[in-house]
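Subject: Structure handover

Hi,

Here is the structure I promised to pass on. Please open it and keep it in view while you read.

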Amino acid sequence: MPDEKWAFASLPELGAQLRSGTATSVALTEFFLDRLERFGPRFGAVVTLTRELALEQAKQADADLKAGRDRGPLHGLPYGAKDLLATRGIPTTWGAAPLKDQVFDEDATVVVRLRDAGAVLAAKLSMIELAGGFGYRQANASLSGPGRCAWDDTCWAGGSSSGPGSAVGAGLVPFAIGSETSGSIMTPAALNGITGMRPTYGLVSRHGAMALSWTMDKLGPMGHSIEDCGLVLAAIAGPDPLDATSLADGYRYQPENVADRKPRVGIIEGCLKTVEDEVRKNFEAAVEVYRQFAEVTEVKLPDLPYGAVVGTVISCEMAAAFETFIRDGQAWELTAPEDRWGGHSTLAIPAKDYINALRVRRKIQIALDELLSRFDALIAPTLATVAGPIDREFREWSRGFASSQLGVAANVAGLPGASIPIGPGARGLPTGMQLVGRTLSENRLFGVAAEYQRRTEWHRRHPEIP
């Protein structure tokens, strides 16, 4: 019989159930399919339930285990994919109403690698239309409606990976794949009280994923713990001949044991100036946990125009990727009114602006690498606020999502990062801390985050969903 504890169990816990014979992949898959069907609409999390495919993959996973073929820690475990990942024969809508019937004839590389790892695709999960590139200012900017927070369905789940955030947060899938160009994994991870991981640019192939910004898009895991994210990253990372931007080096999940030394952690100067009181208190308490095993000092980010560079790069690359979509009038069919016209101005950005942004971007990469050479991780609150109401524009309740420029800076430089839960804030809603590391320092970052999670219980807290 299904165990309700499965909903929020870690990947190793679920894997142990399979290998002990306590559960089967079919039973797990049926359990999560039922939760996706029952609660998915409530949270605006699901675009397409892939029931037939999931049960077929689950039966194969059970047969493989019975025959002694164990594909690894994800074997037989269901997951959800953000609906910008191509899935052969299954609609891939990119969250956009004019593309609701879009179907590809191949799977994205990440989907292929998860299948090879024995994972079971249970659902395509909702997202902000076109990953938010057209300038949305409200939660209702998706063909599936607003994504809703797993802890309070009157509040926003975060964008643009809203479905993965709320689906994992509400225990509808054990893990999910999201994407981030500038905050789209970190934001829903923080707002839904889960752990999200943004890999180094190029570590995970983006073949078969919607392109918003070719030089900034990243795909990454979202789960209940940093260990869950590490296990998923190990399955999806590595070079891909179908993606010219993928890195030649592979990746093996082997988090550093930082308890044997004093890792160096840098708090971003000024990161608490604009945050809510509860966010500040939770972050300060988290810092005290870090002081138990790390050398913690305050550090200032180099004074560079991170936001302007990110905005210019995304706008110009989005204009190139969606020029036909804009010019042939499909943009006028998008859900959010501001998205219908938001892309048009990007077509008029001068080439010199893009070139200058790339020149400054290189300066940013050099400056941040020099700073990070002295630290194992830089930290700040992931967001300045908890989730806000879905029926109001962001400007009406948010004092600005970012607590600092750390997230924007890390994205433009292609650096790895993670968001981990650090306790309840206003109205009992989750708050998060982001950690950023040097290029290809994933295992060091996993070690720093894992030591915090070993000493706290926040990643094990979950909402009660009647």
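Below are my notes, from the whole chain down to single residues.

**Overall build**

Keep in mind that this is a predicted model. The protein chain has 15 helices and 13 strands. Its C-alpha trace spans about 60 × 60 × 45 Å along the principal axes.

**Surface and charge**

Of the 466 residues, 61% count as buried. The protein chain exposes about 17,700 Å². Carbon and sulfur atoms supply 51% of that area. There are 48 positive and 55 negative charges. Their mean positions lie 3 Å apart.

**The cores**

In soluble globular proteins, nonpolar side chains tend to be buried together. Here, the largest nonpolar core has 104 residues. Which of its members touch the most others? They are Leu74, Leu85, Leu114, Leu130 and Tyr290. Helix H7, residues 226–236, gives the most to this core, with seven residues.

Leu114 is then in contact with Leu74, Tyr79, Ala119, Phe175, Ile177, Val232, Ala235 and Ile236.

Another core lies apart from the largest one. This other core has 26 residues, among them Ala123, Ala170, Leu172 and Val173.

**Backbone spots to check**

Most residues other than glycine have a negative phi, and most peptide bonds are trans.

- The peptide bond from Gly159 to Ser160 is cis, with omega near -5°. Ser160 sits in the loop between strand S5 (152–156) and helix H5 (162–169).
- Leu130 is not a glycine, yet has a positive phi of about 55°. Leu130 lies in the loop between strand S3 (120–125) and strand S4 (148–149).
- Arg427 is not a glycine either, and has a positive phi of about 60°. Arg427 belongs to the loop between strand S12 (417–424) and strand S13 (430–436).

Are Leu130 and Arg427 buried or exposed? Leu130 has a relative accessible area of 0%, so Leu130 is buried. Arg427 has 57% relative accessibility, so Arg427 counts as exposed.

Best wishes

Notes:
Residues are numbered from 1 along each chain as its sequence is written. This is a predicted model: local features need pLDDT of at least 70, side-chain atom pairs count only at pLDDT 80 or more; totals for chains, interfaces and linings use all residues. Side-chain values use heavy atoms; hydrogens and water are left out. Helices (H or I, at least four residues) and strands (E, at least two) are DSSP runs, numbered from the N terminus. Buried means under 20% relative accessible area, exposed over 50%, partly exposed in between (1.4 Å probe, protein chains only). Accessible areas come from the Shrake-Rupley method with a 1.4 Å probe; for residues, only the protein chains shown count as cover. Lys and Arg count as positive and Asp and Glu as negative; His and the chain ends are not counted. The place of a charge is taken as NZ of Lys, CZ of Arg, CG of Asp or CD of Glu. A nonpolar core is a set of buried Ala, Val, Leu, Ile, Met, Phe, Trp, Tyr and Cys residues joined through side-chain atoms within 4.5 Å. Contact means heavy atoms within 4.5 Å. Lists of a residue's contacts leave out its neighbours within four places in sequence.
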